[in-house]
Amino acid sequence: MSGKVPVNSPQLVKGVATSSMAVKVPAGRGLLFVRGLVASGPDGKATTDDFRAQARQIYEDLRALIAEVDATLDDVVKVTNYLRDIKDLPTLQKIRGEFIPTNPPASTTVEISRLADDSLKLEIEAIVMLPD
């Protein structure tokens, strides 16, 4: 158990989101701010043209990166998703649910016109609660 606490209010409309409205981080816990991650190789080009594969690679890369500070995907408290096509949001939510099945992070999603490479379909930033 990561110690993060989902915060939701019955006074607010939950909508179609599959995320927490807010996430409380226990006192004394540090935060790690992760830059936007994309599914690219060393050359900066997308490793695949498939949205699902790009999303999975990003979550695998996020898992590997935060493991360097002994954190897990359960410690992710906030993600910001930048999608080239908002129609991909349900797919992204499903994939995120495979990687973070309980206590989902707070989440914001924005549709954008471009990323650094035209073959990239999404970018994800994260804020992670550091272990004790």
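Here are some questions and answers about how the parts of this predicted model get their labels.

This is a predicted model, where local features need pLDDT of at least 70, side-chain atom pairs count only at pLDDT 80 or more, and totals for chains, interfaces and linings use all residues. Residues are numbered from 1 along each chain as its sequence is written, and side-chain values use heavy atoms, with hydrogens and water left out.

Q: What makes S40 partly exposed?
A: Buried means under 20% relative accessible area, exposed means over 50%, and partly exposed is in between (1.4 Å probe, protein chains only). S40 has 23% relative accessibility, so it counts as partly exposed.

Q: Where is S40, and what does S40 touch?
A: You'll find S40 in the loop between β3 and α1. Names like these go to DSSP runs, numbered from the N terminus: helices are H or I with at least four residues, strands are E with at least two. Contact means heavy atoms within 4.5 Å, and S40 touches K45, A46, T47, Q57 and L120, not counting residues up to four places away in sequence.

Q: Why is D70 called exposed?
A: D70 has a relative accessible area of 64%, so it falls on the exposed side of the cut-off, over 50%. D70 sits in the loop between α1 and β4.

Q: What makes the phi of D70 and the phi of N103 worth a look?
A: Most residues other than glycine have a negative phi. D70 isn't a glycine, yet its phi is positive, about 65°. N103 isn't a glycine either, and has a positive phi of about 45°. N103 belongs to the loop between α2 and β5 and is partly exposed, with a relative accessible area of 25%.

Q: How do you know that Y59 and F99 form an aromatic pair, and what makes it stacked?
A: Rings of Phe, Tyr and Trp (its six-membered ring) pair if their centres lie within 6.5 Å; planes under 30 degrees apart count as stacked, over 60 as edge-to-face and the rest as tilted. Y59 and F99 are 5.5 Å centre to centre, with 25° between the planes, so they pair and the pair is stacked. The structure holds one aromatic pair.

Q: Why does this pair tie together parts that are 40 residues apart in sequence?
A: Because Y59 lies in helix α1 and F99 in helix α2. Y59 and F99 are both buried.

Q: What makes a set of residues a nonpolar core, and which residues have the most contacts inside the largest one?
A: A nonpolar core is a set of buried Ala, Val, Leu, Ile, Met, Phe, Trp, Tyr and Cys residues joined through side-chain atoms within 4.5 Å. The largest one has 23 residues, and those with the most contacts inside it are Y59, L62, I66, L73, V76, L92 and L122. β3 (31-37), α1 (51-67), β4 (76-83), α2 (89-99) and β6 (122-129) each supply at least two residues of this core. α1 gives the most, six residues.

Q: How do you know that β4 pairs with β5 and with β6?
A: Two strands pair if DSSP finds at least two bridges between them. Six bridges join β4 to β5, which run parallel, and seven join β4 to β6, which run antiparallel, so β4 passes the test with each of them. In β5, the bridge partner of T80 is T108; in β6, the bridge partner of L83 is L122.

Q: Why are β3 and β5 at the edges of the sheet?
A: The open sheet of four strands has the order β3-β6-β4-β5, with mixed pairing. β3 and β5 (106-111) each have a single partner strand, so one side of each is left without a neighbour in the sheet. Five bridges join β3 to β6, which run antiparallel.

Q: What makes β4 mostly covered?
A: Six of its eight residues are buried.

Q: What makes a crossover right-handed, and which one is here?
A: With the strands pointing away from the viewer, the path from the first strand over the helix to the second has to run clockwise. Here the chain crosses from β4 through α2 to β5, and this β-α-β crossover is right-handed.
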